[in-house]
Amino acid sequence: MSNISNIQKLLKRFRAIIYGILFSGDERLCPLCGKNYKKFGKGGVEKREDSQCMNCGSLERHRFLWLFLERETRTKSSKNISTLHIAPEECLEKHLRKYSREYITSDIEGKNVDIKIDIRNIPFEDETYDLILCSHVLEHVDDDRKALREFLRI
């Protein structure tokens, strides 16, 4: 690991500690990291107020997805699912890796993922995965119907 990434991680942790002190309270709970705040910080591309957890970096969509998965798939009580996570979000990855029997990350660019794939032509056999997560990706795919057919196939 490079010194720059170590410094970035240290700064991120330092920021989380400072924000935790400045925004301490019980009005908001992040279901991903379990931290409480009086409000969340600004986050997202357009920097929305009260949207980003200052500890784990999750946004509303990540917290909502985790709550859905936790309640509807009983994620915490079972390690029987195999998961393919396309363009994985760091705040979700560590939880899904922990609660999946098999957890594979993928991205077309292959940066910090287990396998590089094009979702229009996925190199896995039929019915390989129980759960496929793909958020904020299909709008960048020129043939999204083909990608969706591949998801259904695997």
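Strands β5 and β8 pair in the parallel sense over 4 bridges, where pairing requires that DSSP finds at least two bridges between two strands. Helices (H or I, at least four residues) and strands (E, at least two) are DSSP runs numbered from the N terminus. The model is predicted, so local features need pLDDT of at least 70 and side-chain atom pairs count only at pLDDT 80 or more, while totals for chains, interfaces and linings use all residues. Residues are numbered from 1 along each chain as its sequence is written, and side-chain values use heavy atoms, with hydrogens and water left out.

Strand β8 has a covered face formed by L131 and L133, and an uncovered face with I132 and C134.

Both strands belong to an open sheet of 4 strands, ordered β7-β6-β5-β8 with parallel pairing. At its edges lie β7 (115–116) and β8 (131–134), each of which pairs on one side only. Strand β6 (residues 102–107) pairs with β7 in the parallel sense over 2 bridges, and I115 in β7 is the bridge partner of S106. Helix α3 (residues 90–99) packs on the sheet and touches β5 (82–86), β6 and β8, contact meaning heavy atoms within 4.5 Å. The direction of α3 makes about 150° with that of β6; axes are lines fitted to C-alpha atoms, for helices over the stretch in contact, and angles run from 0 to 180 degrees between N-to-C directions.

The mean pLDDT (the predictor's confidence in each residue, from 0 to 100) of the protein is 88, and 94% of its residues reach 70 or more.

Methods
Buried < 20%, exposed > 50% of the residue type's maximum accessible area, 1.4 Å probe, protein only.
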